[in-house]
Amino acid sequence: VLHKSGLTLQVPPQTSILEALQSAGQHPLFDCRQGMCGVCPLPVLEADGPLLHRDAYLSADEKSAGASLCICVSRLQGSRLVLNA
């Protein structure tokens with residue numbers, strides 16, 4: 001769920017959140033698509049499961065806090081994620 005825009009999207013297993021956003025006509029910021037540059041993290045408002053941080057950008061403390069997610073490589077182990085986007 002994109003809080004600001006009000007969109008709700010499904011993200012298939014082999015698709016990144018970034019790709020799903022782009023397919024829906026959104027224009028999120030990104031650069032490397034590898035979770036290294038730090039351009040794509042979005043604030044997480046709600047998650048019904050653990051965040052699967054696959055990036056190398058966020059610190060261990062930031063990952064533990066669960067306040068943001070690098071949408072190019074990271075995912076949710078659950079069914080509902082609300083991003084401030």
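By contact I mean heavy atoms within 4.5 Å. With that settled, let me turn to the structure above, which is a predicted model.

I begin with I71. Setting aside neighbours within four places in sequence, I71 is in contact with S16, I17, L18, L21, P28, C40, L42 and L83. I71 also belongs to the largest nonpolar core, a set of 17 residues. Within this core, the residues with the most contacts are I17, I71, L81 and L83. Which elements give two or more residues to the core? They are helix α1, residues 17-23, and the strands β1 (41-47), β3 (68-70) and β5 (81-83). Of these, α1 gives the most, with 3 residues. As a general remark, nonpolar side chains in soluble globular proteins tend to be buried together.

Next, a charged residue, D55. D55 sits in the loop that runs between β2 (51-52) and α2 (60-65). Is D55 buried or exposed? D55 is buried, and it has no salt bridge. The nearest side chain of opposite charge is that of K63, 4.0 Å away. Another is the backbone nitrogen of L58, which lies 2.7 Å from a polar atom of the D55 side chain. Beyond the neighbours within four places in sequence, D55 is in contact with G35, K63, C70, V73 and S74.

I come now to salt bridges. How many are there by the rule applied here? The count comes to 1. The pair is E46 and R80, whose closest N and O atoms are 3.1 Å apart. As for accessibility, E46 is partly exposed, with a relative accessible area of 38%. R80 is likewise partly exposed, and its relative accessible area is 38%.

Finally, a point of backbone geometry. R33 is a residue other than glycine with a positive phi, near 60°. Where is R33 placed? R33 is in the loop between α1 and β1. With a relative accessible area of 37%, R33 is partly exposed.

To close, I would set two residues side by side. D55 is buried and has no salt bridge, while E46 is partly exposed and forms a salt bridge with R80. Thank you.

Conventions
Residues numbered from 1 in each chain as written. Predicted model: local features only at pLDDT ≥ 70, side-chain atom pairs only at ≥ 80, totals over all residues. Heavy atoms only, no water. Helix = DSSP H or I, 4+ residues; strand = E, 2+ residues; numbered from the N terminus. Buried < 20%, exposed > 50% of the residue type's maximum accessible area, 1.4 Å probe, protein only. Lys, Arg positive; Asp, Glu negative; His and termini not counted. Polar contact = N/O pair within 3.5 Å; in protein donor to acceptor, adjacent residues only side chain to side chain. Core = buried A, V, L, I, M, F, W, Y, C linked by side-chain atoms within 4.5 Å.
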